[in-house]
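Please look through the sequence and the model before reading on.

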Amino acid sequence: MDIGIGLPAGVPGAPPDVVVDWARRAEDAGFASVACVDRVRYDNYEPLISLAAAAAVTQRIELVTSILIAPLREVTTLAKQVASLDALSGGRLTLGAAIGARGDDYEMNEFSKAGRGDRLAEQLDRMVELWEDGTITPSAASRSRPRLLVGGASGPSLARMARSTDGYIHNGGPARGFARARDEVLTAWHEGGRPGTPQTWSMGYVALGDAAGAGRDYMLDYYAFTGPYAVRIADGLLTTPLGVRELVQGYADAGCDHLMLFPAVADPDQVEALASALGWS
Amino acid sequence: MKVTILGGGPGGLYTAILLRRLRPDTDVTVLERNAPDDTFGFGVVFSAATLSELEDADPVSYDRMAGAWARWDPVEVRYRGEVLRAGGNRFAAISRHVLLRILQERAVEVGADVRFRTEVDDPAGLQAETDLLVAADGLNSATRRRYEHTFEPRLTVEGSTFIWLGTDKVFDAFTFIFQEADVGPFQAHIYPFSDDRSTFIVECARPVWRAAGLDGTDASTLVPGDNDEHAIAYLQELFADHLDGHQLLGNNSKWLDWTTVRNRRWRHENVVLLGDAAHTAHFSIGSGTKLAMEDAIALSRALSRTDDLGPAISAYESDRRPQVDRIQEAARESLAWFDRYPRYLGTRAAVASPTPTLGDGFAPPRFAYSLLTRSSRVDHDNLRRRDPDLVLALDRWFAEVAVGGNHERPHLLPPPPSATPVDVGPLRLANRAVLAGEDRQDAVDGAPSAALRDDVLTRAAGGAGLVLVPRLAVSADARATPADAGLYTDAHAQAWRDVLAATGRAPIGVQLSHAGPRASMRPRTEGLDRPLRTGGWERVAASPLPYSPGSDTPTPLGDEQLAAVEADHVAAAERARDAGFDLLELDAAHGGLLASFLSPLTNQRHDAWGGDVAARLTVPLRVLDAVRDVWPQDRPLSVRFSAHDRAPRGLTAGDAVAIAATFTAHGADLVHVVSGQTTTRHLGDFSRWFNAEVADIVRNGAGVTTLVSGGVTSVADVDHLVLGGRADICVVAPLPAEPPWLAARRAPSPS
């Protein structure tokens with residue numbers, strides 16, 4: 001299992017230099033990827049832009065959107081941006097896409113919330129066609145398209161995943177919940193008659209040491225839209241090295257391919273603290 | 001803080017008691033419409049876990065209840081003169097009247113202001129005068145209605161009609177009685193709640209209720225406290241054998257419809273819902289009183305930790321909602337079982353199931369097992385942990401009686417249901433697990449790759465009852481993709497003959513397939529149903545509807561093309577026969593050519609091949625008949641079809657039963673039930689056993705031997721589905737990358 005780290009681009013008030021420098025520190029510390037969340041009506045940086053900045057200061061680390069709310073975007077310009085970022089980074093991008101869980105991101109948007117699942121399915125099909133046909137792609141790109149993953153564990157979402165992508169991104173939580181979802185992902189893949197095994201990725205949140213309290217406040221704020229579930233989600237915040245190692249072991253045992261640990265605070269020391277908790281230094 | 005509680009039932013009173021205990025500075029008022037002794041109902045049931053929570057929350061009231069509990073362990077199922085008991089559960093129940101009296105006294109004792117006979121017309125008036133208004137005002141909560149714009153309640157009337165009764169017979173278990181009257185089945189849910197009383201709830205489907213003449217009492221003429229005496233007299237006689245001369249007792253008893261209550265939100269400003277006002281869960285899995293008292297514990301604890309109302313209510317909701325969601329999901333599964341069990345009764349279920357060919361229905365052990373495992377959280381392994389002796393007895397019954405094993409030498413330890421033999425037409429399979437070869441999409445010109453052949457042989461050596469070779473195309477144009485394998489040349493037949501020549505293997509079956517509108521697509525390594533860029537070929541289908549966006553419109557099948565399709569199927573069946581396949585499966589599923597005729601979503605023809613289900617069956621039957629003619633009578637024939645389209649306006653359950661029965665009448669020995677993929681817009685469901693419900697409808701509605709696949713990932717799943725009568729054999733897939741049995745085979749020998 002690969003282990004990636006989130007950029008603090010989703011933490012309100014994170015200074016620009018901290019976000020960019022985070023990517024360099026992550027690469028130095030040995031993480032497999034840097035990842036970004038996506039919101040519109042929130043104090044965060046846009047994920048494709050943030051990953052482009054990260055790409056510019058790193059050489060090998062993978063770049064991941066986890067996830068990008070694709071139905072908020074026009075499909076041809078999105079295809080162009082994604083292809084450009086993948087090309088400019090030397091083929092390091094994994095595009096995780098989903099419909100997004102929050103209604104307010106859609107409220108100011110020209111694309112309606114209704115029908116967003118079907119819209120995402122069309123976007124995924126369309127982007128793959130545009131890329132693979134060479135219609136929208138820089139010709140100097142090292143590959144025809146980035147890896148595509150879909151978030152969302154509902155039946156229709158898994159059907160979309162199996163139709164046109166390479167796998168699934170889980171929304172975090174305990175490893176046993178991931179294991180159950182993974183069974184359904186493999187079933188959807190098999191039902192569709194896709195050969196091989198899909199990629200299954202997941203994520204967690206971390207705030208180690210003194211950052212635990214601030215991290216919890218961030219979680220409660222970021223997940224406030226889930227109402228009564230925010231407290232439970234915040235309870236999943238990893239605040240100790242032991243907690244980190246237990247989660248990592250649980251996910252590895254459950255068959256996860258790539259686990260992304262997102263910071264719940266924008267303190268750059270968290271990168272090394274996490275690497276140390278993982279036993280890398 | 002000033003807290004007003006609307007409703008003096010167990011939930012409201014317990015909230016008052018716990019709040020006064022935890023925060024003695026709180027000014028608590030309980031407003032109850034009825035008088036203290038206006039109590040309706042009989043006993044309420046709790047689990048052992050809830051009991052210890054009650055002890056923790058308020059030891060004083062718990063001690064006062066101590067002498068009043070009825071406690072028991074088993075669940076008992078009475079069906080067709082047989083009694084079966086399952087242990088490993090711990091229950092307790094108490095008289096609702098006794099419980100309320102204890103809570104009323106205790107509430108007053110700890111300083112709550114409890115006001116009876118207080119009608120509240122508008123909760124809005126109270127809301128302004130109090131810091132927190134707790135709406136514990138029950139199923140028909142006026143508060144919930146008053147603020148429904150915030151709570152967004154969803155009330156669903158579901159399940160059967162029921163009547164809440166008591167009896168002076170003391171049962172010693174949670175007892176389910178299934179009583180088949182001439183007019184149809186009734187069921188009773190019974191549990192003891194004191195040393196001289198039991199709760200006795202009777203349910204039946206509405207048509208049965210009408211056929212029994214039980215709709216004669218005008219409920220609107222009964223005032224609160226009255227009983228439907230006609231119903232009580234009828235049920236007294238119906239259940240006489242089980243009452244041993246004891247009486248059914250009424251207490252405000254009349255026929256009711258069950259309403260499941262859900263609310264999008266439990267909080268409006270300083271108003272919070274609790275108990276039945278917030279949620280209900282059908283009585284077949286427990287009592288609302290238990291949930292209400294657990295709510296009271298959570299709310300009072302949350303309020304004791306902070307003066308800040310918002311976080312306190314959030315904490316209460318975060319604590320309770322996931323648990324309530326779980327219970328409501330279990331209740332949904334339980335209701336679904338009670339809705340479907342009439343089809344397990346065979347022809348005896350006169351009203352509920354009109355299908356004529358089903359024999360006697362489930363034998364008592366299978367019926368009881370089906371009931372006990374109706375929640376997906378209780379499977380074969382879980383039931384074995386609760387009651388190992390019971391599962392041993394059930395396994396033994398299945399292996400020795402249902403399957404008909406060797407009675408002279410009974411099993412020391414019976415095999416689990418998945419490991420019992422089964423006859424599929426003329427072929428005996430050694431066990432119930434079917435493995436399918438993996439479609440690797442690596443064939444060249446229809447010829448199977450070495451990897452596919454190895455894969456099939458490895459599985460056939462691994463102990464499965466049957467191995468299926470997936471989707472061999474009946475012609476080059478019938479392939480979904482250029483990487484599909486086929487059985488349309490002699491070279492293909494020879495390649496498979498070599499595989500089948502291996503000895504010491506399980507029977508190997510072959511699926512013969514025509515992709516129809518899904519033909520001429522790119523290999524599935526690149527995704528599903530993406531049209532070939534170059535070198536594509538013509539697609540055929542029932543109607544000119546493209547399968548996927550971007551794929552060309554298929555040609556509607558005509559007479560001449562049907563003749564060719566038939567000939568291709570016949571030629572492939574002959575090759576399959578000569579190659580030595582043990583079973584042939586005709587593919588009429590997942591949006592292929594034959595599937596496109598079966599579903600009204602894809603068959604929009606107005607000629608003799610479209611219209612009602614009989615007309616839509618015409619073309620698939622032409623092919624089935626032609627294949628049956630050349631397929632040896634001593635080898636079984638199976639048909640795979642999508643019994644549910646998972647899309648609006650698709651096949652009905654009645655269609656699925658008719659299709660399965662017709663296939664069987666035309667010589668199919670097995671029906672393989674799958675679902676979905678009729679169109680790309682299908683609503684996927686990939687949860688555990690997701691085709692079990694449609695398989696169950698087909699198997700027990702049409703009385704056919706049924707193979708199910710979809711989300712069956714372990715032999716424990718097979719045990720559950722086979723013993724529960726939902727299917728006869730199961731495809732286990734997807735397999736773990738390294739199945740345990742394969743790992744064992746590869747382990748170095750001890751020498």
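In which loop of chain B is the place of B:Gln441? B:Gln441 is placed in the loop between strand 20 (433–436) and helix 16 (450–460) of chain B. The model discussed here is a predicted one.

## Positive phi angles

B:Gln441 is not a glycine, yet its phi is positive, at about 55°. The residue counts as buried because its relative accessibility is 7%, and buried means under 20%.

B:Trp689 is a further residue other than glycine with a positive phi, here near 55°. The loop that holds B:Trp689 runs between strand 27 (670–674) and helix 23 (692–702) of chain B. With a relative accessibility of 8%, B:Trp689 also counts as buried.

## Cis peptide bonds

In chain A, the peptide bond that leads from A:Ser66 to A:Ile67 is cis, and its omega is near -5°. A:Ile67 belongs to strand 3 (residues 62–69) of chain A.

In chain B, a cis peptide bond joins B:Ala733 to B:Pro734, with omega near -10°. B:Pro734 is located in the loop between strand 29 (729–731) and helix 25 (740–746) of chain B.

B:Arg605 is part of the loop between helix 19 (593–598) and helix 20 (613–616) of chain B. Its relative accessibility is 14%, so B:Arg605 counts as buried.

A polar atom of the B:Arg605 side chain lies 2.9 Å from the backbone oxygen of B:Leu557. When neighbours within four places in sequence are left aside, the residues in contact with B:Arg605 are B:Ala541, B:Ala542, B:Ser543, B:Pro556, B:Leu557, B:Phe597, B:Gly610 and B:Gly611.

B:Leu392 counts as partly exposed because its relative accessibility is 34%.

## Domains of chain B

The domain assignment of chain B gives two ranges: domain 1 covers 2–335 and domain 2 covers 424–744. Taken over C-alpha atoms, the centres of domain 1 and domain 2 of chain B are separated by 49 Å.

Key
Residues numbered from 1 in each chain as written. Chains lettered and ligands numbered in written order. Predicted model: local features only at pLDDT ≥ 70, side-chain atom pairs only at ≥ 80, totals over all residues. Heavy atoms only, no water. Buried < 20%, exposed > 50% of the residue type's maximum accessible area, 1.4 Å probe, protein only. Helix = DSSP H or I, 4+ residues; strand = E, 2+ residues; numbered from the N terminus. Polar contact = N/O pair within 3.5 Å; in protein donor to acceptor, adjacent residues only side chain to side chain. Contact = heavy atoms within 4.5 Å. Domains from an automatic or database assignment.
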